[in-house]
Amino acid sequence: MYVDSTQNRVGDDLDFANTVSWHDSSEKSQELLTSYEKLVNWSLHANILTKQQSLSLLKKAENQPSKAEEVLQQAIELREAIFQIFSLVSNDETPASKDLSIFNEALANAYGMMRIVPGENKFSLEFLNGEERLDGMLPPIVQSAIDILTSEKELSRVKKCEGYPCGWLFFDTSRNRSRRWCSMADCGNRAKAKRFYHNKK
Ligand SMILES: [Zn+2]
């Protein structure tokens, strides 16, 4: 079982880093990955796992609850490292070496689960994934972060929502790179309302 990194890319959208609400506030923030099941469901919706793979992993997790919990904690630690790295990058700052070490450790694990296999005109990278391991969703997540980090073009578009403490990371695909909020309906409107209120005062 595998996920082809070229065909099944997780994202242009930094979704995994956004699995916390109000990510920039230590008091208000709310964890969305509250169980291994939630992690698997997120991976299913992100097209990292197939329906069949996710059902099989959930069944496996039932028999190994402590291992599943370990994978969940590993995923959360990785997510926080990714969030911190991209937060700083979006602000033109250098990521902390602590976060880079966490990421590099996940990278070593992920590459331990990968194989290069011959294809028609080129080789491709495949993840040994799915039913085999409870942490099978982590390599594609790591790979997608690597794809962004190693692309100057993509990296320069990473931004963080200005609606503090939203903390939502996104790709600014607007032509003049002028996007400021996760969504106009959410933080954009809140910022406008705030400005309106302050102007009136
Ligand atoms: Zn926002």
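A residue counts as buried when its relative accessible area is under 20%. Arginine 79, with a relative accessible area of 1%, is therefore buried. The structure is a predicted model, and the protein has 201 residues, of which 43% count as buried.

**Overall fold**

- Seven helices and seven strands make up the secondary structure of the protein.
- Read from the N terminus, the order of the elements is β-β-β-α-α-α-α-β-β-α-α-β-β-α.
- Among contacts in the protein with a separation of 6 or more, 58% are between residues 24 or more positions apart.
- The protein has an accessible surface of about 11,700 Å², and carbon and sulfur atoms account for 50% of that surface.

**Nonpolar cores**

- In soluble globular proteins, nonpolar side chains tend to be buried together.
- The largest nonpolar core here holds 40 residues, and the members that touch the most others are Tyr36, Leu39, Ile82, Met137 and Ile141.
- At least two residues of this core come from each of α1 (36-45), α2 (51-63), α3 (65-90), α4 (97-112), α5 (138-149) and β7 (169-171).
- Helix α3 makes the biggest contribution to this core, at eleven residues.
- Leucine 39 has contacts with Phe16, Leu33, Val71, Leu72, Ala75 and Met137, when neighbours within four places in sequence are left aside.

**Salt bridges**

- Side chains of opposite charge can pair when their charged atoms come close.
- The protein has eight salt bridges in total.
- One of them joins the side chains of lysine 160 and aspartate 24, with an N to O distance of 2.9 Å.
- These two residues are 136 residues apart, so the pair links distant parts of the chain: lysine 160 is in strand β6 (residues 158-160), and aspartate 24 is in the loop between β2 (20-21) and β3 (30-31).
- Both partners are partly exposed: lysine 160 has a relative accessible area of 21%, and aspartate 24 has 28%.
- Arginine 79 and glutamate 80 form another salt bridge, in which the closest N and O atoms are 3.0 Å apart.
- Lysine 159 forms a salt bridge with aspartate 172, and their closest N and O atoms are 2.7 Å apart.
- Lysine 159 is in strand β6 and aspartate 172 is in the loop between β7 and α7 (184-200), so this pair ties together parts 13 residues apart in sequence.
- Aspartate 172 has a relative accessibility of 0% and counts as buried.
- Glu31, Arg79 and Glu80 belong to one network, joined by salt bridges that share partners.

**A buried serine**

- Serine 54 is part of helix α2.
- Its relative accessibility is 3%, which is under 20%, so serine 54 counts as buried.
- Not counting residues up to four places away in sequence, serine 54 touches Val40, Leu44 and Leu49.

How values were computed
Residues are numbered from 1 along each chain as its sequence is written. This is a predicted model: local features need pLDDT of at least 70, side-chain atom pairs count only at pLDDT 80 or more; totals for chains, interfaces and linings use all residues. Side-chain values use heavy atoms; hydrogens and water are left out. Helices (H or I, at least four residues) and strands (E, at least two) are DSSP runs, numbered from the N terminus. Buried means under 20% relative accessible area, exposed over 50%, partly exposed in between (1.4 Å probe, protein chains only). Contact means heavy atoms within 4.5 Å. Accessible areas come from the Shrake-Rupley method with a 1.4 Å probe; for residues, only the protein chains shown count as cover. A nonpolar core is a set of buried Ala, Val, Leu, Ile, Met, Phe, Trp, Tyr and Cys residues joined through side-chain atoms within 4.5 Å. A salt bridge is a side-chain nitrogen of Lys or Arg within 4 Å of a carboxyl oxygen of Asp or Glu.
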